Protein chains: 2
Amino acid sequence: MKQMKKVGSCAYLLANPVAVVSTSSVVGPVEGAGRLGEAFDYVSNDDYFGQKTWEQAESAMVSRAVGILYDKSHLTPNDTGAFFGGDLEKQCTGTSFGFRGWNLPFCGLYGACSTFAEGMALGAALIDGGYMTVAGAAASSHFSAAEREYRMPLAYGNQRQLCAQRTVTGCGAVLLSAELPTERYVAVTSFAFGKMVDAGVTDPAEMGAAMAPAAYQTITTYLEDRGKVSTDYHRIYTGDLGEVGYTILRDMTGFGWEYEDCGRLVFTPDQDTHAGGSGCGCSATVFGAYILPDMLKHPGSRVILAGTGALLSATSTLQGESIPGICHLVELECREGVKTC
Amino acid sequence: MKQMKKVGSCAYLLANPVAVVSTSSVVGPVEGAGRLGEAFDYVSNDDYFGQKTWEQAESAMVSRAVGILYDKSHLTPNDTGAFFGGDLEKQCTGTSFGFRGWNLPFCGLYGACSTFAEGMALGAALIDGGYMTVAGAAASSHFSAAEREYRMPLAYGNQRQLCAQRTVTGCGAVLLSAELPTERYVAVTSFAFGKMVDAGVTDPAEMGAAMAPAAYQTITTYLEDRGKVSTDYHRIYTGDLGEVGYTILRDMTGFGWEYEDCGRLVFTPDQDTHAGGSGCGCSATVFGAYILPDMLKHPGSRVILAGTGALLSATSTLQGESIPGICHLVELECREGVKTC
């Protein structure tokens, strides 16, 4: 008989922890001038990353993040069983062309801004399932590519609403491994796949409102499954609800949770990004630049990273559709290294 | 120690076979008038599937395919640990809105026309890894939505090139289960994730040429890993190379393989679809309508389904980029049912 790793209705526990052995974060100049500027691996002073178009810029950013990821580890692309990646551009253009030059087994995802958590969950599951020892996950977004993809090309000079978030120009990536480090490390220990929740929001500037109900549903179900409350964790992080979505979620929980949102951690108030950061690259870059280093400072700390996605397209918006939200999560734990004699 | 299920450089073997317990296929009128017309579960006489737009039509088709899939099985959405799905529209609009009404743990994929094989591989791996007993995979495409997404809106009356394929208007889906049927069934036994191959093709009408080199790479590597040749299989199926891609692959193999292409099986020559069928829905609908029933007629038969994807977007084409191809595969086996006393 096989071991069932499911607990309750949505939580899946790994039989063995899977270590995060490397992270990378590559961002644009606005992110570099934000709260975590010093902590990113690479800050470009050029939004175009030396390319001619925003889409090519995003691909250049992805490719650089993959390079740094391997440079920071003792692993190579050849060691990698599967690399999961996705972004917000149509047909995941940023990711496909970013990975084109890397000779990697590549599995494309589309989970909108939940992509990073979805990729980490799938990578950890394939490692723990005994298929491979190393897997990768990456997610990216580019402010200018996203604005013209979903809303208005920047050249129109459209005034953004105060509830709107600024899509993070950035790519974050992780390498996961079955081989546990000898030094203190962060491990993926469990995960959950979310169901879509459509609260009827139709305005593509209201991403936080569209995603908060999905975050509430997945996190609530997961905490119930695990028999935990939010304060059992060092921190619960939502991916990119921003100020508005953060507030809505706080109201939905009756002020009952302790949590933070990656979209609130990227920019400073004086950067005038309105409701904070968003995009696939938001939680992906904040993970390597802030969440993981902070966990390493707190031995034994447990964290939930809940990636929040808004499953809209420009076409669905123009056709009057509302915006389904989705939320996938991974649970992480800071563990002491395995000393070999 | 964990069991490593990897063989050679890309093949992953399941420790236990995962059964295909249900399939569904929903197609449009042109597909219904094609070779497999009688074999599809549902043929609409209306390309719009009762909706106002092509994109909404695709979502209606997806939702119907999911419904039929569960109706044909003894399972419910509640039994499902994860449902993988994707399509060709930007931000996978067809899939997202097709799944919105189903209360399912949903994992979005973007593998272009390799999505169906990618989803089956991931679903089988999560079941075999002990996470869940039931997983689903679906993929869809719509001719009219795809033409305006990638090439020309149909209203322009653009003349399609002879090398062009006709995107299949269809959604195909499978339910996979750890519980093995008592009657003869088809099981997933192994899988491989492909690497991107970019042969420098820049014309979005040349999908077959863009994808054939990726099919060649993944299938060749997989056969080497498994110590097999093409004639060891009842049939190797490529996803949607069409007539042109089929011929290119035949040339690449030095006429050395026996194989068939799903894009050659959908339409009849007098339908004037040029180089045959393509799209995520091509291999997904042909699987349920032809491949699986044919396997069940041949006890012990082994089949490779190699999904072939072209990772382009309208933006990448307009920006002069070439088209990276990718190919993921699953191996299937027709097995006798497990009789319980």
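Here are some notes on the predicted model above, taken point by point.

1. Before you start: this is a predicted model, in which local features need pLDDT of at least 70 and side-chain atom pairs count only at pLDDT 80 or more, while totals for chains, interfaces and linings use all residues. Residues are numbered from 1 along each chain as its sequence is written, chains are lettered from A and ligands numbered from 1 in the order in which they are written, and side-chain values use heavy atoms, with hydrogens and water left out.

2. The core. The largest nonpolar core holds 222 residues. Such a core is a set of buried Ala, Val, Leu, Ile, Met, Phe, Trp, Tyr and Cys residues joined through side-chain atoms within 4.5 Å. Buried means under 20% relative accessible area, exposed over 50%, and partly exposed in between (1.4 Å probe, protein chains only). A:Met120, A:Leu332, B:Met120 and B:Leu332 have the most contacts inside this core. Leaving aside neighbours within four places in sequence, B:Leu332 is in contact (heavy atoms within 4.5 Å) with residues including B:Val20, B:Met120, B:Phe287 and B:Met295. In soluble globular proteins, nonpolar side chains tend to be buried together.

3. The interface. Chain B and chain A each bring 69 residues to their contact. About 5,600 Å² is buried between them, with carbon and sulfur atoms giving 57%; buried area is the accessible area (1.4 Å probe) that two parts lose on being put together, summed over both. There are 34 residue pairs in polar contact between the chains, both residues at pLDDT 80 or more. A polar contact is a pair of N or O atoms within 3.5 Å; within protein, one must be able to donate a hydrogen and the other to accept it, and residues adjacent in sequence count only if both atoms are side-chain atoms. On the side of chain B that touches chain A, helix α4 (residues 115-128) gives the most, with seven residues. Helices (H or I, at least four residues) and strands (E, at least two) are DSSP runs, numbered from the N terminus.

4. Salt bridges between the chains. A salt bridge here is a side-chain nitrogen of Lys or Arg within 4 Å of a carboxyl oxygen of Asp or Glu. A:Arg100 is worth a look: its salt bridge with B:Asp198 has the closest N and O atoms 2.8 Å apart. B:Asp198 sits in strand β10 (residues 197-198) of chain B, and A:Arg100 in the loop between α3 (93-99) and β5 (106-108) of chain A. A:Arg100 also meets B:Glu321 in a salt bridge (3.0 Å, N to O). B:Glu321 counts as buried because its relative accessibility is 17%, whereas A:Arg100 is partly exposed at 25%. B:Arg100 and A:Glu321 form a salt bridge too, at 3.0 Å, N to O.

5. A charged network in chain A. Salt bridges link A:Arg226, A:Arg302, A:Glu331, A:Glu333 and A:Arg335 in a network. Within it, A:Glu333 pairs with A:Arg335 at 3.8 Å between the closest N and O atoms. A:Glu333 is buried at 15% relative accessibility, and A:Arg335 is partly exposed at 27%.

6. A:Ser190. This residue lies in strand β9 (residues 185-192) of chain A and counts as buried, because its relative accessibility is 0%. A polar contact of 2.5 Å joins the side chains of A:Ser190 and A:Tyr222. A:Ser190 is also in contact with A:Arg226 and A:Glu331, among others, and both of these belong to the salt-bridge network.
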